[in-house]
Amino acid sequence: MICAAFVHINLKDVHYDNCRSRRTQPECPASLHRHTHGHDMKTSTANSLTLYTFAMSHYSEKIRWTLDHSHIPYREVRMTPVFHILPALRMGRRGQTTLPILQTPKRSIQDSTRILDWLIEHYGPLDVLPKTQLTQIRDVERRFDAIGKDVARFLYANSFGSADAHIIRLWTDYATPGQAAFIRRAYPLIRWAFKRKLSINPKRAALAQARITEVMDWLEAQLADGRTYLVGTHLTAADITAAALLAPIACPAQHPVYGEPLFAQSMAAAIAPWRHRAALQWVRRIYELHRGQFFSDLSSDQQAAKRSA
Ligand SMILES: N[C@@H](CCC(=O)N[C@@H](CS)C(=O)NCC(=O)O)C(=O)O
């Protein structure tokens, strides 16, 4: 996310069956994705995959998108920052509190890279992770994963203090009333702890900005020959990772959190230096080409609101 770091208790959190984030339409039809050929042998496993996420987490989006694109059925449990910590520690068993975590019938896998490894092992070969280009794809994945914290640091550095109401809303979207009340009341303390954990200060924010810019430069150099996809001729986990990790800055219309006009408005000043960069236009295009389902699921009023934003 622009993600938080802290304790979880119960999972009132909205459950989605094969459904991307839809704060406004939680009753997503479970039939959005079906099994495809090649996954038949894992049907029983597939039926019981649960993905624990934060709606706003860019690493969670990377896995959500991979699963969606690969038509692998799963249930999504959106957690509330602070209230995720205990379950994440318990499920992950690595002393880490990060999401996403994929719960399979046999074990839970924490960390998006490890989840991709597990998917390759149990569902491979996947269209987005072709064996022949795996090394290149995973190199790109590493490059973009490495700026995940910088993206969060940069955005929070530029929104704490100026967009707190919006942050509280994002942090409480999937909370129980009790959890939401706690987050609202403890927000100053949570924000302080968060700043410490992510080292959010002007110096680190400037460094984050430089590192993000560097990755955008790299991305634009790759795209200079007019290609659409970073590796090969179709969408792979390289594109998914790059687009998902930059989505908080590119604000693609199809993204359930970062596509919201309100988010883009509250971040406009922070994002301004990069607004027209080809790298971000590419992110928006990849979302448009491959992540359109969410948009078409919205009501026509919601679509109109997004278009006019
Ligand atoms: N390397 C991890 C990074 C995941 C990560 O940093 N997740 C953030 C959300 S974007 C998180 O869960 N932060 C909460 C915490 O650290 O407690 C991955 O690829 O999954």
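I began with helix 10 (residues 237–250) and helix 12 (residues 278–290), whose axes come within 9 Å and cross at roughly 115 degrees. Axes here are lines fitted to C-alpha atoms over the stretch in contact, with angles from 0 to 180 degrees between N-to-C directions. Helices are DSSP runs of H or I, at least four residues, and strands are E runs of at least two, numbered from the N terminus.

I noted that this is a predicted model: local features need pLDDT of at least 70, side-chain atom pairs count only at pLDDT 80 or more, and totals for chains, interfaces and linings use all residues. Residues are numbered from 1 along each chain as its sequence is written, and side-chain values use heavy atoms, without hydrogens and water.

Helix 10 and helix 12 are therefore roughly perpendicular (65 to 115 degrees).

I then listed the contacts (heavy atoms within 4.5 Å). From helix 10, Asp239, Ala242, Ala243, Ala244, Leu246, Ala247, Ile249 and Ala250 meet Leu280, Trp282, Val283, Arg284, Ile286 and Tyr287 of helix 12. I sorted the residues of this contact into 12 nonpolar, no polar and two charged.

Next I looked up threonine 172. Threonine 172 lies in helix 7 (residues 164–172). Its relative accessibility is 12%, so threonine 172 counts as buried (under 20% relative accessible area, 1.4 Å probe, protein chains only). Leaving out residues up to four places away in sequence, threonine 172 touches Ala180, Ile183 and Arg184.

Last, I took the whole protein. I found 14 helices and five strands. Of the 309 residues, 55% are buried. Of the contacts with a separation of 6 or more, 74% join residues 24 or more positions apart.

Methods: Angles under 35 degrees count as roughly parallel, over 145 as roughly antiparallel, 65 to 115 as roughly perpendicular and the rest as oblique. Ala, Val, Leu, Ile, Met, Phe, Trp, Tyr, Cys and Pro count as nonpolar, Asp, Glu, Lys and Arg as charged, and the others, Gly among them, as polar. Buried means under 20% relative accessible area, exposed over 50%, partly exposed in between (1.4 Å probe, protein chains only).
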